[in-house]
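Please look through the structure below with the sequence beside it. The paragraphs that follow go through it piece by piece.

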Amino acid sequence: MEEVVQTVERLQQSFEDLSVRGLRSCGVDQLQVLTALHEELDRIGAAHLAGRLEDLIEKIRSDDRDSARALMRAQASLRVFERLLTLEQVESEMKQLHDLLAQSDDEDL
Amino acid sequence: MKISQVDQQKLAPLLEELSKAIEELLLTGLTTASDSTRQTLNVSFQEASRLGLLRLGNTLRVACEELTRYTKNQEDFSRQRFSFFLNRSWLICRGLAIALKEGNDAEFERLSWTPSVTPVGQLELICLGVSKKLVPSAFCAFDFRLRVLSPNAANIPVGQKLVWSYIKPMKADTLVPAESFLHLSQKQKFKPIDFMSGRKIVATDAAVTVEKSGTARLNLLEKSTITLGDKFVDWANYTSSWDPLVALHRLQSHPPGPLDLDIEMQEEIVLQGWKIDLPVEDGKDVKHTYPITYKNVVFRGVVPKGADGAELDDTLHKLLTAKIPPPMFGLLHYERCRLTLQPLSIFGGNGPEYMNISDKHIDPTVILKLLKF
């Protein structure tokens with residue numbers, strides 16, 4: 001899980017960099033980072049997000065004006081992916097907490 | 001708000017122009033953003049608010065504030081905040097434009113959602129905790145976490161959680177502690193610091209709004225008044241241990257979406273029998289976090305950077321040596337797969353000790369200076 005969270009954080013930082021510096025100034029190094037993240041997303045099975053990122057990479061490479069829309073869509077997908085992951089993870093921790101509290105209540109009786 | 005309630009002739013081109021301006025900004029980047037792009041964003045924010053699209057207006061406002069911070073080379077510019085709110089603005093804008101084009105009232109209403117306002121005659125309240133947010137050269141904000149104490153004409157249930165927000169702008173040369181603003185008299189004949197007196201608070205002729213997240217807010221109007229009642233002694237009623245079951249049910253029934261904020265599912269909680277460990281470095285957005293363990297589950301006790309977190313950091317540091325830590329009231333939210341806790345108060349024998357607020361004496365001349373400000 002820690003590895004997936006790190007991938008999410010790195011992708012988020014890349015998107016923030018692109019928003020601040022501008023898509024037209026995206027260089028070879030930054031494209032390499034995005035490509036590596038795309039491969040990582042593919043590997044962990046985040047197919048929808050990987051597809052959105054692939055679209056963004058292609059549009060940046062071809063200097064397409066629609067790269068801005070592609071960035072917004074990829075960012076929205078990343079947000080949903082992060083929320084799904086977070087809510088799933090904390091749900092299991094909350095279940096654990098609820099069970100522990102119920103157990104200590106039983107012991108108190 | 002329904003489609004028939006807006007001026008469609010004005011709204012359609014506004015949304016089109018706004019999404020184009022955001023896309024142009026993303027193509028060029030902030031350094032070379034043209035004046036016309038900045039101007040379009042600022043005008044759109046005002047126009048969206050004027051047309052009653054408060055959700056879009058508020059989101060754009062934050063993005064514009066960050067853009068201004070970047071332009072002025074202010075060190076508190078946040079890439080994360082800018083990027084998040086720009087994306088949120090684009091999504092709302094595109095969503096509204098599509099809903100408008102398709103005549104989809106339900107979707108338009110969802111995206112332009114504004115809270116309903118309920119007038120309340122009289123409410124008796126207490127304050128359990130206070131958070132502080134300080135953005136240098138911009139504003140300081142305090143959120144007071146309240147509980148309704150007694151039945152009222154508006155049928156707001158006893159025990160209802162309410163938030164009252166107090167926000168004051170701060171100029172770059174304002175060098176006074178944020179707590180000074182709590183001593184300023186308000187139109188409703190009270191000082192915000194009164195909320196922290198440990199006494200009952202009586203709000204008259206106020207209003208309550210319930211947000212999409214379920215958070216209920218107290219709105220003080222021009223005609224509202226605040227008076228203080230007796231000393232409140234029954235704190236134990238509000239410091240019994242928290243049951244995570246309700247939070248768990250909320251988690252299970254919430255469908256995540258791209259417009260969700262990290263604090264969307266925020267919970268007010270009370271921990272008893274907790275343990276605290278030495279702080280750890282935990283990313284660039286916070287000073288550090290204290291691992292707070294409750295029944296073998298670890299929460300990140302976040303301490304904000306800068307003056308925001310100084311008081312909280314001191315209090316948490318002192319609690320490292322406490323043999324039996326007192327009950328702690330705080331806000332729990334879910335961020336990057338972790339349980340994140342914002343501690344607000346601890347409860348000793350005399351009611352709450354507000355962990356984020358300095359109890360240092362405020363020099364009256366400082367308050368006078370603020371009154372001139």
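Helix 1 of chain B itself is made of 21 residues. From its first C-alpha to its last, helix 1 of chain B reaches 30 Å, close to the 30 Å expected at 1.5 Å a residue. Its buried residues include B:Leu11, B:Leu14, B:Leu15 and B:Leu18, and among them are also B:Ser19 and B:Glu23.

Helix 1 of chain B also has a partner within its own chain. Its axis and the axis of helix 4 of chain B come within 9 Å and cross at roughly 145°. The crossing of the two helices is left-handed. On the side of helix 1 of chain B, the contact is made by residues including B:Leu11, B:Leu15, B:Leu18 and B:Ile22. Helix 4 of chain B brings, among others, B:Leu86, B:Trp90, B:Cys93 and B:Ala97 to this contact. Sorted by type, the residues of the contact between helix 1 and helix 4 of chain B are 11 nonpolar, 3 polar and 2 charged.

The next topic is the meeting of the two chains. Here 37 residues of chain A are in contact with 34 residues of chain B. On the chain B side, at least two residues each come from helix 1 (8–28), helix 4 (79–102), helix 6 (245–253) and strand 11 (328–335). Which of the elements of chain B gives the most to the side that touches chain A? Helix 4 of chain B does, with 8 residues. The side of chain B that touches chain A consists of 18 nonpolar, 10 polar and 6 charged residues.

Another part of chain B to look at is strand 12 (residues 338–348), where B:Phe347 lies. Is B:Phe347 buried or exposed? B:Phe347 is buried, because 20 other C-beta atoms lie within 10 Å, and 20 or more is what the term requires. Leaving aside residues up to four places away in sequence, B:Phe347 touches B:Trp235, B:Thr239, B:Pro326, B:Pro327, B:Phe329 and B:Pro352. B:Leu368 is 21 residues from B:Phe347 in sequence, and the two are 33 Å apart in space, C-alpha to C-alpha.

Positive phi values also turn up in residues other than glycine. One of these residues is A:Asp63, with phi near 50°. A:Asp63 lies in the loop between helix 3 and helix 4 of chain A. It is exposed, because there are 11 other C-beta atoms within 10 Å. B:Lys295 also has a positive phi, near 50°. Its place is the loop between strand 9 (286–294) and strand 10 (297–304) of chain B. B:Lys295 has 18 C-beta neighbours inside 10 Å and so counts as partly exposed.

Last come the confidence scores. Chain A has an average pLDDT of 93, and 98% of its residues score at least 70. Within chain A, confidence is highest in helix 3 (residues 47–61), at 97, and lowest in helix 4 (residues 67–108), at a mean of 91. For chain B the mean pLDDT is 89, with 99% of residues at 70 or more. The model has an ipTM of 0.90 and a pTM of 0.87. Where pLDDT is low, predicted coordinates should not be read in detail.

Technical notes
Residues numbered from 1 in each chain as written. Chains lettered and ligands numbered in written order. Predicted model: local features only at pLDDT ≥ 70, side-chain atom pairs only at ≥ 80, totals over all residues. Contact = placed C-beta atoms within 7 Å. Helix = DSSP H or I, 4+ residues; strand = E, 2+ residues; numbered from the N terminus. Nonpolar A, V, L, I, M, F, W, Y, C, P; charged D, E, K, R; others polar. pLDDT = per-residue confidence, 0-100. Expected span 1.5 Å × (residues − 1). Buried ≥ 20, exposed ≤ 12 C-beta atoms within 10 Å, placed from the backbone. Axes fitted to C-alpha atoms, helices over the stretch in contact; angles between N-to-C directions. Left-handed = near helix turned anticlockwise from the far one by under 90°.
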